[in-house]
Amino acid sequence: MSLSSMVSLCGAVGSAVVGGVYTNFSARVMPRLAALPDSEAVETMQRFNRNALELPFTSFFFGTAVASVWSLVHCLRKENPGVADHMCSVGGAMYLMGWVLTIAYNVPRNNRLDAVVAGTAEAAQVWHVYLSEWTSANSVRAALSILGAVGLGAGAVWSMLSASR
């Protein structure tokens, strides 16, 4: 197995894990939080956001970004990239779009929610805006991560099958 295939497979696994976490939040966690009293929902989400900055999630989140950048650069620097290279680069680009969305859109909303005191009128107001905006963006980054996993994985498998001929 080539280094390119190994990096792409690692990126595919990481992208699938990250996409699965995001999907779980949009499909299961956020609807359950929406059903809680505002103060309890705010406190719970604040704890989730603080824990998201710890291992193992950060290793998947940042490690997959590195693998995605590597796949893109590898394809761009190759004199005659093949189908597998293009699949990997598109998959990497998809993951990176979700990664940028996270940093540019979701993280500022997490920080805004973290700045309020649960149980206050301000917290309730921030929570209701957060619930709608954050969950919508989270669903987009879930889809981008899963598409990234498909592109990276399919490209790696295509490369391995091509090399075995």
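Reader: How do the residues lining the largest cavity divide into nonpolar, polar and charged?
Author: In this predicted model, the lining of the largest cavity consists of three nonpolar residues, five polar ones and one charged one.

Reader: Which residues are they?
Author: The lining is made up of Ser4, Ser5, Ser8, Ala84, Asp85, Cys88, Gly155, Ala156 and Ser159. Helices H1, H4 (83–114) and H5 (121–163) each contribute at least two residues to this lining.

Reader: What volume does the largest cavity have?
Author: Its volume is about 40 Å³. A search of the whole structure finds one cavity of 30 Å³ or more.

Reader: Asp85 was on that list. Is Asp85 buried or exposed?
Author: Asp85 counts as buried because its relative accessibility is 9%, and the cut-off for buried is under 20%.

Reader: Which residue forms a salt bridge with Asp85?
Author: The partner is Lys78, and the closest N and O atoms of the pair are 2.9 Å apart. Lys78 is partly exposed, with a relative accessible area of 35%.

Reader: How many salt bridges does the count come to?
Author: The count comes to four salt bridges. One of them joins Arg50 and Asp114, with the closest N and O atoms 2.5 Å apart. That pair links distant parts of the chain, since Arg50 lies in helix H2 and Asp114 in helix H4, 64 residues apart.

Reader: How accessible are Arg50 and Asp114?
Author: Arg50 counts as partly exposed at 43% relative accessibility. Asp114 also counts as partly exposed, at 36%.

Reader: Which salt bridge does Glu133 form?
Author: Glu133 forms a salt bridge with Arg109, the closest N and O atoms being 2.9 Å apart. This pair also links distant parts of the chain: Glu133 belongs to helix H5 and Arg109 to helix H4, 24 residues apart. Glu133 is partly exposed with a relative accessible area of 30%, and Arg109 counts as partly exposed at 22%.

Reader: Stepping back, how many helices and strands does the protein have?
Author: The protein has five helices and zero strands. Its C-alpha atoms fill a box of roughly 65 × 25 × 25 Å, taken along the principal axes. Of its 165 residues, 40% count as buried.

Reader: Is Phe61 buried or exposed?
Author: Phe61, found in helix H3, is buried, with a relative accessible area of 7%. The C-alpha atoms of Phe61 and Val17 are separated by 8.9 Å, and the two residues are 44 residues apart along the chain.

Reader: Finally, the surface. Which residues form a nonpolar patch there?
Author: Met1, Leu3, Met6 and Trp70 form a nonpolar patch on the surface, with about 420 Å² of accessible area together. Met6, which is found in helix H1 (residues 3–34), is partly exposed at a relative accessible area of 38%.

How values were computed: Residues are numbered from 1 along each chain as its sequence is written. This is a predicted model: local features need pLDDT of at least 70, side-chain atom pairs count only at pLDDT 80 or more; totals for chains, interfaces and linings use all residues. Side-chain values use heavy atoms; hydrogens and water are left out. Patches are made of residues with over 30% relative accessible area and no salt bridge: like charges are joined within 9 Å, nonpolar side chains (Val, Leu, Ile, Met, Phe, Trp, Tyr) within 5 Å. Accessible areas come from the Shrake-Rupley method with a 1.4 Å probe; for residues, only the protein chains shown count as cover. A salt bridge is a side-chain nitrogen of Lys or Arg within 4 Å of a carboxyl oxygen of Asp or Glu. Helices (H or I, at least four residues) and strands (E, at least two) are DSSP runs, numbered from the N terminus. Buried means under 20% relative accessible area, exposed over 50%, partly exposed in between (1.4 Å probe, protein chains only). On a 1 Å grid over the protein atoms alone, a cavity is a set of points where a 1.4 Å probe fits but cannot get out, and a pocket is an open set with protein on both sides within 12 Å along at least five of seven lines; lining residues have an atom within 4 Å of a point. Grid points are joined across faces, edges and corners, and a volume is the space filled by probe spheres set on the points. Ala, Val, Leu, Ile, Met, Phe, Trp, Tyr, Cys and Pro count as nonpolar, Asp, Glu, Lys and Arg as charged, and the others, Gly among them, as polar.
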